[in-house]
Amino acid sequence: MTINYADVAQGEDLKPWEYRVERVNLVMYAGASGDFNPIHWSPEFARAVGLPDTIATGMHTMARIGQYVTDWCGDPGAVVSFKNRFTSPVVVPTEGATVVVKGRVAEKLDDNRVRIEVEAESPEGTNVSKAEAVVRLA
Amino acid sequence: MPLNKSLIGKKYPASAPYEVGRERIKEFAQAIGETNPVYTDEKAAKAAGYPDIIAPPTFLTVLNFRYSPQVIGDPDLGLDYSRVVHGEQSYELHRPVVPGMRLVGEPTITDITARGKNEFFTVEAAISTESGESVATARAVIVSRGTAEEAS
């Protein structure tokens, strides 16, 4: 299912989404991305450098936000640009963490492009990432 | 110790070609919890109009670990890696990444700015195929915590 430019209204909210992240996901991401910084998989190491527990790399959060955007527009190849500002870490204790993702159509641009703004936060409301994607719709 | 601002504008050599592997794309998609079959199923990708499976938009992070070490580790820059936090990442995507592409990344330090106690340095990498087709521009803002010159 792809979304048509004509069917999208500026200011329209995207359906909110949430995902779970557990340490195994961080380990899988380390292997797939090549980022083996131990703050992402070793609680002992993370605590020794002053973090409350292991944290997800910002790039993992960005990848999940990317999924949110491409699932909405229906075509991953439609992403023209994608930016994330990592505002605070996603702390991932043994029992895992939940991240809540909300987006809206911030602006309709020319050439069938739209600018989507996304915010990811903890269930308690702490922002972890502010993102922006420009996608070219059908 | 503040970072060496005279390195703003310094361009580093292109990284050695990285060949995008089919299974690596699939593993990356699985690792980020993706469910879209265009990343993992050749038939679904063709049905969606692609010549082959494509990589998720953030897959190019894999290449970052090939072209960035020479920048981060530049002795003239004076970066203490233990103080580093990834502040921001952006991609301009010019064409889908598909298996078999041989990618190179050519990084440039485009900015070093102090804000409060921290410094922010920006590395922009032109990502292209070995034969020179532009694939993407990747921009990372790295935070160097507590290294800004004390305001007096």
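User: In this predicted model, at what angle do the axes of helix α1 of chain A and helix α1 of chain B cross?

Analyst: Happy to walk through it! Two packed helices are described by the angle between their axes and the distance between the axes. Here, α1(A), residues 23-33, and α1(B), residues 22-31, have axes that come within 9 Å and cross at roughly 155°. Angles over 145 degrees count as roughly antiparallel, so α1(A) is roughly antiparallel to α1(B). The crossing of the two helices is left-handed.

User: Which residues meet where α1(A) and α1(B) touch?

Analyst: From α1(A) come A:Met28, A:Tyr29, A:Gly31 and A:Ala32, and they meet B:Glu27, B:Phe28 and B:Ala31 of α1(B). Sorted by class, this contact has 5 nonpolar, 1 polar and 1 charged residues.

User: Now the strands. What is the order of the open sheet?

Analyst: Strands of a sheet pair through backbone hydrogen bonds, either parallel or antiparallel. This open sheet has 10 strands with antiparallel pairing, in the order β1(A)-β5(A)-β6(A)-β7(A)-β3(A)-β2(B)-β5(B)-β4(B)-β3(B)-β1(B). At the edges stand β1 (17-21) of chain A and β1 (18-19) of chain B; each has a single partner strand, so one side of each lacks a neighbour in the sheet.

User: How many bridges join β6 to β7 in chain A?

Analyst: Strand β6(A), residues 113-121, and strand β7(A), residues 127-136, run antiparallel and are joined by 9 bridges. Within β7(A), A:Glu132 stands opposite A:Glu117.

User: Which strands does helix α3 of chain A lie across?

Analyst: Helix α3(A), residues 58-73, lies across β1, β3, β5, β6 and β7 of chain A together with β2 of chain B. Relative to β7(A), the helix runs at about 40°.

How values were computed: Residues are numbered from 1 along each chain as its sequence is written. Chains are lettered from A and ligands numbered from 1 in the order in which they are written. This is a predicted model: local features need pLDDT of at least 70, side-chain atom pairs count only at pLDDT 80 or more; totals for chains, interfaces and linings use all residues. Axes are lines fitted to C-alpha atoms, for helices over the stretch in contact, and angles run from 0 to 180 degrees between N-to-C directions. Helices (H or I, at least four residues) and strands (E, at least two) are DSSP runs, numbered from the N terminus. Angles under 35 degrees count as roughly parallel, over 145 as roughly antiparallel, 65 to 115 as roughly perpendicular and the rest as oblique. A crossing is left-handed if the near helix is turned anticlockwise from the far one by less than a right angle, and right-handed if clockwise. Two residues are in contact if their C-beta atoms, placed from the backbone, lie within 7 Å. Ala, Val, Leu, Ile, Met, Phe, Trp, Tyr, Cys and Pro count as nonpolar, Asp, Glu, Lys and Arg as charged, and the others, Gly among them, as polar. Two strands pair if DSSP finds at least two bridges between them.
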